Amino acid sequence: MGKERPFRFSENTFFALCVILLLVLDKLALAELRYSIPEEVKEGTDVGNVAKDLGLDKSSLSYRRFRVVSGSKEAFFEVNTDNGSLQVRKKIDREEQCHGSGACLMELKILVENPLEMHHIIVEILDVNDHSPRFPEREQQFEIAEQTPPGTRFQLHAARDLDAGINSVRTYTLTSNEHFEMDLSQSDEDKIPFLVLKRSLDRERKKKHLLFVTAVDGGKPPRSGTLNVSITVLDSNDNRPTFSQDTYQIEIYENASVENILTRVTAVDPDEGVNGEIEYSLSKALPRNVYDIFELDGVSGQIKLKRKLDYEESEIYKLDVEASDKGSPPLIGRSRVIVKIKDVNDNSPELEVTSLLNTVPEDSKPGTVISLISATDKDSGVNGKIISRITNDVPFELKPSYKENIYSLVTKGHLDREHVSFYEITIIATDCGEPPRSTVKSLSVQIIDINDNSPHFDQNPLQFYLSENNVAGKPIFSLSATDNDINENAAVAYHIVRRTSENDVTAFLNVNSENGQISALKSFDFETLKTFQFQVVATDSGTPPLSNNVTVNVFILDQNDNAPVILYPLSSNGSAEGVEEIPRNVNAGHLVTKVRAYDADIGYNGWLLFSLQEVTDHSLFGLDRYTGQIRTLRSFTETDEAEHKLVILVKDNGNVSLSATATVIVKLVEPKEAFAASDVKSTAKLDEEDNVTFYLMITLGGVSVLFIVSIIVLIAMQCSKSTNYTSKYLQETNYDGTLCHSIQYRSGDKRYMLVGPRMSIGSTIVPGSHANTLVLPDRRRASEEVRPIIKLFFLSSYWYSYLYLTLFTSYFMR
């Protein structure tokens, strides 16, 4: 799959989305509580009962952690968890917190948990008359020519009052005199006082006048401030400079470069000479920061920037410009320059995490609240509108609340710690400015494990091979289960499923509950038990615990722990000794007798070999090392002794061979005696053979029925077979004088056979099998074109023919 192309907003789409957000969020922002208190109230003063107004239970406020989580640096308010009231934490100076005459609003966030809720409260700080009007200077001087006509106006310093509204400056008063009176001019929201000449001055009569101007605010009781006005009467210069405009208005972006020329003011003076030369200056009554930002060239009237503007600091500046001629006394003309600052998108959004859960259980339902996110932007208008989203592919999403730019971070899908145990959530907030500005914030969430995984075994069933004669109480093997959970949810304990049957092998088994190591409480004997099966249950320590079981198949491996047993010859007292009489006139190759032996072990451990340990004449008798048949090597002579003793050693083929001996006494008799003895033996043998023939017929019939049943069973097994694992033991009959065993079983893709002396030509010895285990070629893999039913048929036919020939061979060899 190719990478997905990232989604990009076009300019028109982005602007339309911002406008829609403005309309929707403006409606949502109306749902909030509003209170009002005067400034400078004492600490602990109640603002209002928030819990009652929000409909919250007062008894649960402490449990739900009812608190103020305002993002401001200074916390002016706190909540009382006993009665739910909002109280003043420290005194509030309205003039310090809010500049200007507008409403002073402080926005608070009230947070309660369980469930998580956030409420917005607006507290309006009402102004009190705690400041007196103040003039920028204690004294203002005027030089007025005596020719100045009545009605001439002289602008006085305007007093400024830090209070707002009715508590600000309302009026000015002037001490009673015969030449001047007060006049107020309204400029925007400011009242500018003017000194108006109502009667011509006469320097020769009085050259200096001292007046007092008092600024009075509208508080109750009112406060006031005083300005000393000193007027010196001069002669001549009777024309003042006049500006081309009474008010200059300019607009400039806040990112304008320093030294940029904003505008140029011009004034004219009809006088000539020094009385007509004009010098420009800024009024001394302006706020101090104006002098740091703007610079007026006294000669050219150009206004320049001295430092960078910031719309977020102030949106408008009012500059009072004075044009003064150089006459005696100088005349001054005044004008106002209004500089409006235009906002640019120079502030990136800010993301604030109000509440965060660092850990989340993996079984949390979709919609679970993880965190509350607040986004703010110092810009205004479209530049201050924010769109927030999650950038990476995580099972979390942002849901907007009724309040603008407030989001809830919630789960949107099922969590699985075993798949992802830790999430890094990346949130990006982008404003709607041009170009847009973004802020990225990352939150880390750890997924808590719950017990939702059962222990798991890599294989089921499990197969183990155990040599017989193991040491009782010692571990025989171990098993292990894994759990995808962690900590106590992954701590696995083991126990064996016990049965109540009499032959239950699990009664002799014990498992270590911590590491799964299995010990046998007894020693196993292959000749008694060749295989057994049991189940082990693995249970974790979670709540509730989960478990899983596994079936364990154990195969006992044979060891050479049984010595050969002589079956023939046996004397009356049970010793391996017999007497054989043969005529003297027998030819070479005559069968004297056959030594028969049995070994309870199987495979090589039960494969017997015969050898002459002791013989009187090596030239007379020979012994077949595989069958135990004793035959004459030559004809007897008159000089040969009449009695010969043969000691036969029978030993198996184990790594450490075990053996037994048999003694055969061969007596040579005359032909007549041998014939008489043979008649007696023949009669007994005939009866025996009749019995053998009867049993042989019954056996052959049973084998035939067994063959047919085997074919049917094999067909049924082939049709319903669901696993490759089989374990079957087949007992072979003894032949050639030796009882031997043959056991077949399958493990995975290999088929094993424990055999006696006669092995298949295609068999190979498995290393480490104590020389008694053979791997048989898997004929199913040899030819995939042969149908399974036909292969089973030929296999059964093979065993049927083998058993049939074995019986006949045993019969004729007796």
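Let's start with one side chain. Phe 532 is buried, with a relative accessible area of 8%. Keep in mind that this is a predicted model.

Who is its partner? Phe 532 forms an aromatic pair with Phe 524. The two rings are stacked, 5.2 Å centre to centre, with 25° between the planes. Phe 524 is buried as well, at a relative accessible area of 2%.

Phe 243 and Tyr 280 have ring centres 6.2 Å apart. Their planes stand at 50°, so this pair is tilted. The pair links distant parts of the chain, 37 residues apart. Phe 243 sits in strand E15, and Tyr 280 in strand E19. Both residues are buried.

Now charges over rings. Lys 530 has its charged end over the ring of Phe 526, 5.0 Å from the centre. Arg 153 lies over the face of Phe 194, and there the distance to the ring centre is 4.2 Å.

Last, a sheet. Three strands form an open, antiparallel sheet, in the order E34-E38-E37. Which strands stand at the edges? Those are E34, residues 475–478, and E37, residues 509–511. Each has a single partner strand, so one side of each is left without a neighbour in the sheet. Neighbouring strands are turned by 25° against each other on average, direction ignored. Three bridges join E34 to E38, residues 517–520. For Pro 475, the bridge partner in E38 is Ser 519.

Notes: Residues are numbered from 1 along each chain as its sequence is written. This is a predicted model: local features need pLDDT of at least 70, side-chain atom pairs count only at pLDDT 80 or more; totals for chains, interfaces and linings use all residues. Side-chain values use heavy atoms; hydrogens and water are left out. Two strands pair if DSSP finds at least two bridges between them. Helices (H or I, at least four residues) and strands (E, at least two) are DSSP runs, numbered from the N terminus. Axes are lines fitted to C-alpha atoms, for helices over the stretch in contact, and angles run from 0 to 180 degrees between N-to-C directions. Rings of Phe, Tyr and Trp (its six-membered ring) pair if their centres lie within 6.5 Å; planes under 30 degrees apart count as stacked, over 60 as edge-to-face and the rest as tilted. Buried means under 20% relative accessible area, exposed over 50%, partly exposed in between (1.4 Å probe, protein chains only). A charge sits over a ring if NZ of Lys or CZ of Arg is within 6 Å of the ring centre and within 35 degrees of the ring normal.
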